[in-house]
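Dear colleague,

I am handing over the structure below, together with some notes on its disulfides and its aromatic rings. Please read the notes with the coordinates open beside them.

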Amino acid sequence: MTRFGLVLMLLVLAGCARGGAASPAAGPPWGHTYLSTAVTEQGKPRQLAAGTRIELRFAGGRLVVRAGCNTMQAQAQLEGDWLVVGEMSVTAMACLSPLGEQDVWVATFLGGRPVWRLTGDELVLDGAGISITLLDREIADPDRLLVGAEWTVDTLILSASYVSVSAGASGAGAAASVPAGVRAHLTFTAGGEVTGSGGCNSLGGTYAVDGAKLSFTAVGSTLMACTDERGTVEAVVLGVLRGTVMYAIDANHLTLTAADGNGLRLTTP
């Protein structure tokens, strides 16, 4: 465990519940995700690490937190005006400064029973001279439309069976980032066409939407042979774009999941 990870695990113990009547995990903020829009400390703006926002997801009596590096989560409840957060579990990514320090700072703040206030879509947390203002994710970063955007593949979701065949041994499924320099992307038109690249060749075909399902037909590609990483990525992409897949859009992320467990995660600006 990194030094920051060890410090984080020690600090979050301060967040254990300390009596009082707990509010039910129903109604806002429960069931909502909030993204930070402003942070102040002693009345002055506090700058977060470049490219980061504080994300709080209230789900089923648990609070899931992302502050730039690891994902942290804990039991949480609202006791009157206070947000009471229990001991956090933390993923084990090694976080260099300033991301690791920011994780520790956010966990410490949440473990200190901040006062919460919800006005419409805006959530404000105050404590120890710190104020964090957040906005409902659906307002701050709304779901993108499937049609018209160019979706770039950034992650390959590989089923356990695919990993077993590829590695020659049994194992669990895996998520693999697309290698640097390989670009696979898809664009969906209002007329039911899908075009793009699998990472090596251009591709095209048709699709239809049925609820949370996309049905692909006649997806084909040009025939340039790629025996490097581009060919590996393309094999997964073309394998997913066959038949019916489940799809979900969360902000600027699109996930496609095929019946065999393989899938793609894509992003758009």
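Is the disulfide of cysteine 69 and cysteine 95 left-handed or right-handed? In this model, which is a predicted one, the torsion about the S-S bond of that pair is about -85°, so the disulfide is left-handed. Its two residues belong to distant parts of the chain, 26 residues apart, with cysteine 69 in the loop between β4 (62–66) and β5 (71–79) and cysteine 95 in the loop between β7 (89–90) and α2 (99–110). The sulfur atoms of cysteine 69 and cysteine 95 are 1.9 Å apart. Because buried means under 20% relative accessible area, cysteine 69 counts as buried at 17%, and cysteine 95 is buried with a value of 7%.

The chain has 2 disulfides, and the other one I would point you to joins cysteine 200 and cysteine 226, whose sulfur atoms lie 1.6 Å apart. Here the torsion about the S-S bond is about 60°, so this disulfide is right-handed. Cysteine 200 sits in the loop between β14 (193–197) and β15 (202–210), and cysteine 226 in the loop between β16 (213–221) and α5 (229–240), so the bond ties together parts that are 26 residues apart in sequence. Both cysteine 200 and cysteine 226 are buried. With bonded cysteines counted along the chain, the disulfides follow the pattern 1-2, 3-4.

Turning to the rings, the structure holds 4 aromatic pairs. One of them is the edge-to-face pair of tryptophan 30 and phenylalanine 58, with 5.5 Å from centre to centre and 85° between the planes. This pair links distant parts of the chain, since tryptophan 30 lies in the loop between α1 (3–11) and β1 (33–41) while phenylalanine 58 lies in strand β3 (residues 55–59), 28 residues apart. Tryptophan 30 counts as buried at 5% relative accessibility, and phenylalanine 58 is buried with a relative accessible area of 1%. Phenylalanine 58 also forms an edge-to-face pair with tyrosine 34, at 6.0 Å centre to centre and with 85° between the planes; this pair joins strand β1, which holds tyrosine 34, to strand β3, across 24 residues. Tyrosine 34 is buried, at 1% relative accessibility, and ring pairs link Trp30, Tyr34 and Phe58 into a cluster.

Finally, there are charges over rings to look at: the charged end of arginine 46 sits over the ring of tryptophan 105, 3.9 Å from its centre, and that of arginine 113 sits over the ring of tryptophan 82, 5.4 Å from its centre.

Key: Residues are numbered from 1 along each chain as its sequence is written. This is a predicted model: local features need pLDDT of at least 70, side-chain atom pairs count only at pLDDT 80 or more; totals for chains, interfaces and linings use all residues. Side-chain values use heavy atoms; hydrogens and water are left out. A disulfide is a pair of cysteine sulfur atoms within 2.5 Å. Helices (H or I, at least four residues) and strands (E, at least two) are DSSP runs, numbered from the N terminus. Buried means under 20% relative accessible area, exposed over 50%, partly exposed in between (1.4 Å probe, protein chains only). Rings of Phe, Tyr and Trp (its six-membered ring) pair if their centres lie within 6.5 Å; planes under 30 degrees apart count as stacked, over 60 as edge-to-face and the rest as tilted. A charge sits over a ring if NZ of Lys or CZ of Arg is within 6 Å of the ring centre and within 35 degrees of the ring normal.
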